Amino acid sequence: MNNHLLYTLIAGITSCICGIATIPKVLDFCKQKGLYDIPNARKVHKNAIPRLGGVVFLPSVFLGCIVSFIVYQLNGASEITVSLWTLFFFCGAAAIYITGLIDDIIGLGPLTKLTVQLIAACALPLSGLYINDLHGFFGIHDIPYYIGMPLTVVVVAFISNAINLIDGIDGLAGGLTMIAMMGFYYAFSQWGLTVYSTVIAAIIGVLLPYLYFNIYGSADRNRKIFMGDTGSLTIGFLLAFLCLKLSMENPHLPQYPGNGLLISFTLIVVPVLDVFRVALVRLRHRRSPITPDKNHIHHKLIRAGFTQHQALITILTLALSFCLINYVLNSYVGITFTVVTDIVVYTVFHWLLNQRIKGKGRQPSLFE
């Protein structure tokens, strides 16, 4: 076993054990304090479910990384260097985590949460991590800082909220994140960045017990849990950071893959396109793009007659299909044609889904 795999395994196993040990404690705490996600007309679940599953995410990841790095040092490996943007990333993630926790416990307004997200997002380009190259997307390559900085802030906030908004059925946000993290783990491992691979392995580790309790846990026995805003916003910020890190052109890393932007887009394509589609539908019907509704992809699948688990499997299969499509296309065409193809495929998928919904005598969306 090579050292890279050893350190990442230690991080993943430690984080997983931490999740297994703490999630039942969180469930008991939620029961004592009455911290439940209450069903309403817009939500799919029918029972009151504890909503603090995301509380265990960041501490478990942190513990997993600490244990792994201790072993790293004891093994006589080279010193771990922490860049400025890594430090700013952890500060931003902590701010997002605390904001989500407060929202899950006492509630916060959307403007307050967005303000914290924007501040956390600003920390990344201020530390030197920003979108500095579009790698030929629509013919654009190098991007100056004065454009890359605001673009980065918008992208980070968008990705964070995309994960939050798609978190509507059991296992969906966690499952899509798991697929993305596995892709990022492979990319950063190939890139030779052990520190980032270790963090990703720790995230994967804690997602495993969460997904078990989220999908298979019994609500009647108080063993079912949701990640809440603490989890979805934190996971979204982590994904956004990894997308930036993989996409940024870095002359100090000669082994940079060159297609990091396409890889990043591919790994989060479903939540990204879903939020764009929903926003466009709302605008077309002269409604605010942030108006809550039941027009997300999981809502439409359920209106089409799918069960929650069937909808989950369908969406995860769609996400994996995009990975395969883009992997094949990347060998023959550029990033622009690949992204356009993704949009066409996603549009055709929804057109077919609308036909099925209409065939059942139902409306394809909340406004149509």
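**Note on the predicted model: salt bridges, helix packing and core**

1. Asp274 and Arg277 both belong to helix α10 (residues 269-284), three residues apart, about one turn of the helix. Helices here are DSSP runs of H or I with at least four residues, numbered from the N terminus. The two side chains form a salt bridge, with the closest N and O atoms 3.4 Å apart; the term denotes a side-chain nitrogen of Lys or Arg within 4 Å of a carboxyl oxygen of Asp or Glu. Asp274 counts as buried at 0% relative accessibility, and Arg277 counts as buried at 14%. Buried means under 20% relative accessible area, exposed over 50%, and partly exposed in between (1.4 Å probe, protein chains only).

2. On the basis of these values: the model is predicted, so local features need pLDDT of at least 70 and side-chain atom pairs count only at pLDDT 80 or more, while totals for chains, interfaces and linings use all residues. Residues are numbered from 1 along each chain as its sequence is written, and side-chain values use heavy atoms, with hydrogens and water left out.

3. By the rule given above, the count comes to five salt bridges. Side chains of opposite charge can pair when their charged atoms come close. One of the bridges joins Asp28 and Arg223, whose closest N and O atoms are 3.5 Å apart. Asp28 lies in helix α1 (residues 3-33) and Arg223 in the loop between α7 and α8 (228-247), so the pair ties together parts that are 195 residues apart in sequence. Asp28 is partly exposed, with a relative accessible area of 33%, and Arg223 is partly exposed at 23%.

4. Lys224 and Asp170 also meet in a salt bridge (2.7 Å, N to O). This pair links distant parts of the chain, 54 residues apart: Lys224 is in the loop between α7 and α8, and Asp170 in the loop between α5 (145-166) and α6 (172-191). Lys224 is buried, with a relative accessible area of 10%; Asp170 is buried, at 10% relative accessibility.

5. Helix α3 (residues 84-105) packs with helix α4 (residues 110-126) at an angle of about 170 degrees, their axes being 8 Å apart. Axes are lines fitted to C-alpha atoms, for helices over the stretch in contact, and angles run from 0 to 180 degrees between N-to-C directions. The helices α3 and α4 are therefore roughly antiparallel to each other, a label for angles over 145 degrees.

6. The largest nonpolar core has 97 residues, and Phe184, Phe188 and Val270 have the most contacts inside it. Such a core is a set of buried Ala, Val, Leu, Ile, Met, Phe, Trp, Tyr and Cys residues joined through side-chain atoms within 4.5 Å. Helix α7 (residues 194-216) gives the most to this core, with 12 residues. Leaving aside neighbours within four places in sequence, Phe188 is in contact with residues including Leu193, Tyr196, Ile200 and Leu242.

7. Ala11 is found in helix α1 and is buried, at 0% relative accessibility. Beyond its neighbours within four places in sequence, Ala11 is in contact with Gly64, Cys65, Ser68, Thr198 and Ala202. The C-alpha atoms of Ala11 and Ile66 are separated by 7.9 Å, although these residues are 55 residues apart along the chain.

Technical notes. Helices (H or I, at least four residues) and strands (E, at least two) are DSSP runs, numbered from the N terminus. Contact means heavy atoms within 4.5 Å. Angles under 35 degrees count as roughly parallel, over 145 as roughly antiparallel, 65 to 115 as roughly perpendicular and the rest as oblique.
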